[in-house]
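Me: I am new to this structure and would like a short tour. Could we begin with the core and then turn to the helices?

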Amino acid sequence: MEEINKFFSEKNTVHNLSQNELMQTFNYLEPIKAFARITYKSIYVIDYQKKTFEYVSDNPLFLCGHSPDEVKELGYAFYFKHVKEEDLELLITINEIGFNFYESIPIEERKQHTISYDFHLVKKNKKSILVNHKLTPLFLTEDGKIWKAICIVSLSQNNSSGNIQIFKDGSDTIWKFNLSENEWIKKTKIKLTDREIEILLLYAQGLTINDIAEKIYLTADTIKFHRRKLFDKIGVQNITEALSYATNNKLI
């Protein structure tokens, strides 16, 4: 239990809940379950008062060979069982800096922020996969502490753990955490041109370069030119990575 408590900051410890706070959660899991049925991503809900997982979807990506009920039963012990040791220390660090960041912003804005980061999950066969983990508050207490949060897990488009960032819904500002300097750095969200978005969407439909060129009345070389500029802009090597990046960062 002492190890698990490393994931729970005193700054966000939820002790008692008022009747008004409890009323927030009436039947709230039903839309989450419905969303889980139509996405390939794994979804789970953290209860910071009980220090448990309240809900775990049946998508196999996050489960590491367990059933959803088994992961719920494990709770935070799941991380100690299925995350690389070095990444486990990273998660504890992210937990601390994340709550420090949330404490620094107005209470009324906290539910609009999402923290995103990458870490390795180790499967039962001992093979590891790099996943992206996004966490955003569902319910706050009256004094602004995160009571429940929804987490969404997908395959990462990066090559290493970390990549910690916080973004606010509807804002072009992204805060990226520099682990070596131990500080948040303010960045501006990358914006794609209309042409880049158009080409990405056509690639997503399975079209080839020649198909796209014909469809939008450009030469194949021009499509390759736009594609290369896009790759350089978002720091990827191929169209699969570009589509993953654009989707995960809500650029298309």
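Reply: In the largest nonpolar core, which has 41 residues, Tyr-44, Tyr-48, Phe-53, Tyr-76 and Tyr-79 touch the most other members. A nonpolar core is a set of buried Ala, Val, Leu, Ile, Met, Phe, Trp, Tyr and Cys residues joined through side-chain atoms within 4.5 Å. Buried means under 20% relative accessible area, exposed over 50%, and partly exposed in between (1.4 Å probe, protein chains only).

Me: Which helix gives the largest share of this core?
Reply: Helix 6 (residues 85–103) does, with nine residues. Helices (H or I, at least four residues) and strands (E, at least two) are DSSP runs, numbered from the N terminus.

Me: What kind of model is this, and how are residues numbered?
Reply: This is a predicted model, in which local features need pLDDT of at least 70 and side-chain atom pairs count only at pLDDT 80 or more, while totals for chains, interfaces and linings use all residues. Residues are numbered from 1 along each chain as its sequence is written, and side-chain values use heavy atoms, with hydrogens and water left out.

Me: Back to Tyr-44: which residues is it in contact with, leaving aside neighbours within four places in sequence?
Reply: Among them are Phe-53, Tyr-55, Val-56, Phe-62, Tyr-79 and His-133. Contact means heavy atoms within 4.5 Å.

Me: Which residues does the second core include?
Reply: Leu-207, Leu-243, Tyr-245 and Ala-246 are included in that separate core of 21 residues.

Me: On to the helices. At what angle do helix 9 and helix 10 pack?
Reply: Helix 9 (residues 220–234) and helix 10 (residues 239–248) pack at about 55 degrees, and their axes are 10 Å apart. This makes helix 9 oblique to helix 10. Axes are lines fitted to C-alpha atoms, for helices over the stretch in contact, and angles run from 0 to 180 degrees between N-to-C directions. Angles under 35 degrees count as roughly parallel, over 145 as roughly antiparallel, 65 to 115 as roughly perpendicular and the rest as oblique.

Me: Which residues meet there?
Reply: Leu-230, Phe-231 and Ile-234 of helix 9 meet Ile-239, Ala-242 and Tyr-245 of helix 10. By class, this contact has six nonpolar, no polar and no charged residues. Ala, Val, Leu, Ile, Met, Phe, Trp, Tyr, Cys and Pro count as nonpolar, Asp, Glu, Lys and Arg as charged, and the others, Gly among them, as polar.

Me: And how does helix 7 pack with helix 9?
Reply: Helix 7 (residues 194–204) packs with helix 9 at an angle of about 100 degrees, with axes 10 Å apart. Helix 7 is therefore roughly perpendicular to helix 9.

Me: What classes of residue make up the contact of helix 7 with helix 9?
Reply: That contact divides into five nonpolar, one polar and five charged residues.

Me: A new topic: what is the phi of Asn-182?
Reply: Asn-182 has a positive phi of about 55 degrees although it is not a glycine. Most residues other than glycine have a negative phi. Asn-182 lies in the loop between strand 7 (173–178) and strand 8 (183–188), and at 56% relative accessibility Asn-182 counts as exposed.
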